[in-house]
Amino acid sequence: MLTSFDDYPVHQTPLPVANPGTGDRNFYDRYFFNGYDADGELFFAVAMGLYPNRQVADASFSVLRDGVQTSLHTSKQASPERRDTRVGSIAVEVVEPLQRLRVRVDEGDLRADLTFDARSAPIEEPRTLAFNGPRVSMDSTRLTQFGRWSGSITVDGQTIEVRPDRVSGCRDRSWGIRAGLGEPEVNPPGPLPQVYWIWTPLQLADRCILFDSFEYADGRRWHEFGVVWPDQGEPTYMRAVDHDVDWQPGTRRGRQVTLRLEPAGGELLEVRMTPKLRFQMLGLGYLHPEWGHGRWHGGAVSHLERWRVDDLDPLAPQHIHVQQVCDVEVGDERGVGILEQLVIGPHERSGLRDLFDGAP
């Protein structure tokens, strides 16, 4: 099927742009953004995904304030035109590629008009490739970019001004294959699910730090990455990275995390993170039993929901995936950042033994 982008020299396969290079049902192409103030009083996030082999597009916008998280989910049949980045009342506009993007939401009492201006260059993380038995469970590329937000959010008649001197955040773009999209599959019995994922985009006064890691149940790492990106100068990529998590008992989230980043030929950098605000990724559809990514809802639909974060069962499967706003300490430097954790199944050095047991 030909679309307008076929008039540009962007093809990566012999196929038209609308046809992915793989027929895997779990192929996706996704935007993600978050924003937060340093005081830990406001957090918002946006996600928009295209699943061309399922002909579905969906998006979510979620705001956390005063302990209440309000989330909007939208879904529709995907257009073959890749320039279509609106799903219902949620739209993402690339104003200037890799520099400025705009997010708009207009759904009754929930509205937003927000502009993300990049603070850093986009950071290409190493490709992630993982298998569950013989099947590819993840094969994707992601860029992460730090930035600042301006604009406004209106929730229940109250408008919140979003100023770039107070609200920072980051975004990512990822694409490839990620298992678990769409309606649940019925497959032969296989290994129990196991995910140990930590992602920490951190912002200091004059530099940004990014660390991430995937580990097997026995603690071996199958993916790791670390970089320090100064506002002025060249990035420093890490030769080795490590971390320790002090777990909140009875949960699968940290109450303090220490990162260690070792550049080639440089001094070891030790980072301490202390969470102060928790955002449930459920609000963006992650592990959502109804609004999970790539599900077909019969056409153009939207749904608004809200919950008080402290009322949620921390070990319910849909509540495991979180982003926490953290105070960040690096020697005498102070900053703010995000601790994202998704931990499913056993992880020996954390004392986690079952699918969804809590830390001791």
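Modeller: A salt bridge here is a side-chain nitrogen of Lys or Arg within 4 Å of a carboxyl oxygen of Asp or Glu. The model is predicted. By that cut-off, the structure holds 30 salt bridges. Side chains of opposite charge can pair when their charged atoms come close.

Start with Glu185 and Arg135. Their closest N and O atoms are 3.6 Å apart. Glu185 sits in the loop between strand 13 and strand 14 (195-203), while Arg135 belongs to strand 11 (residues 135-155), so this pair ties together parts that are 50 residues apart in sequence. Buried means under 20% relative accessible area, and exposed means over 50%. Glu185 has 33% relative accessibility, so it counts as partly exposed. Arg135 has a relative accessible area of 37%, so it is partly exposed.

Next, Asp242 and Arg260. This salt bridge has its closest N and O atoms 3.8 Å apart. Asp242 is in strand 17 (residues 236-247) and Arg260 is in strand 18 (residues 254-263), so the pair ties together parts that are 18 residues apart in sequence. Asp242 is partly exposed because its relative accessibility is 28%. Arg260 is partly exposed because its relative accessibility is 21%.

Asp242 and Arg260 also belong to a network of salt bridges.

Arg334 has a relative accessible area of 51%, so it is exposed. Glu329 is partly exposed because its relative accessible area is 29%.

Now back to strand 11, where Arg135 lies. Strand 11 is joined to strand 8 by nine bridges, and the two run antiparallel. These are strand-pairing bridges, where two strands pair if DSSP finds at least two between them. Phe116 has Trp149 of strand 11 as its bridge partner.

Strand 8 (residues 110-118) is also joined to strand 7, by eight bridges, again antiparallel. There, Asp106 has Arg111 of strand 8 as its bridge partner. Strand 7 and strand 8 form a hairpin with two residues between them. Gly108, in the turn, has a positive phi of about 60°. In a regular strand the side chains alternate between the two faces of the sheet.

Strand 7 (100-107) is among the elements that give two or more residues to the lining. The others are strand 1, strand 2 (42-51), strand 5 (86-87), strand 6 (90-96) and strand 13 (167-178). Strand 6 gives the most, with four residues. The lining has 40 residues, and Val17, Asp29, Tyr31, Arg82 and Arg173 lie nearest the pocket centre. By class, the lining splits into 21 nonpolar, eight polar and 11 charged residues.

Met1 and Val17 are 16 residues apart in sequence and 8.3 Å apart in space, C-alpha to C-alpha. Met1 lies in the segment before strand 1 (27-37). Leaving aside neighbours within four places in sequence, Met1 is in contact with Asp6, Pro16, Ala18, Asn19 and Pro80. At 60% relative accessibility, Met1 still counts as exposed.

Terms used. Residues are numbered from 1 along each chain as its sequence is written. This is a predicted model: local features need pLDDT of at least 70, side-chain atom pairs count only at pLDDT 80 or more; totals for chains, interfaces and linings use all residues. Side-chain values use heavy atoms; hydrogens and water are left out. Buried means under 20% relative accessible area, exposed over 50%, partly exposed in between (1.4 Å probe, protein chains only). Contact means heavy atoms within 4.5 Å. On a 1 Å grid over the protein atoms alone, a cavity is a set of points where a 1.4 Å probe fits but cannot get out, and a pocket is an open set with protein on both sides within 12 Å along at least five of seven lines; lining residues have an atom within 4 Å of a point. Ala, Val, Leu, Ile, Met, Phe, Trp, Tyr, Cys and Pro count as nonpolar, Asp, Glu, Lys and Arg as charged, and the others, Gly among them, as polar.
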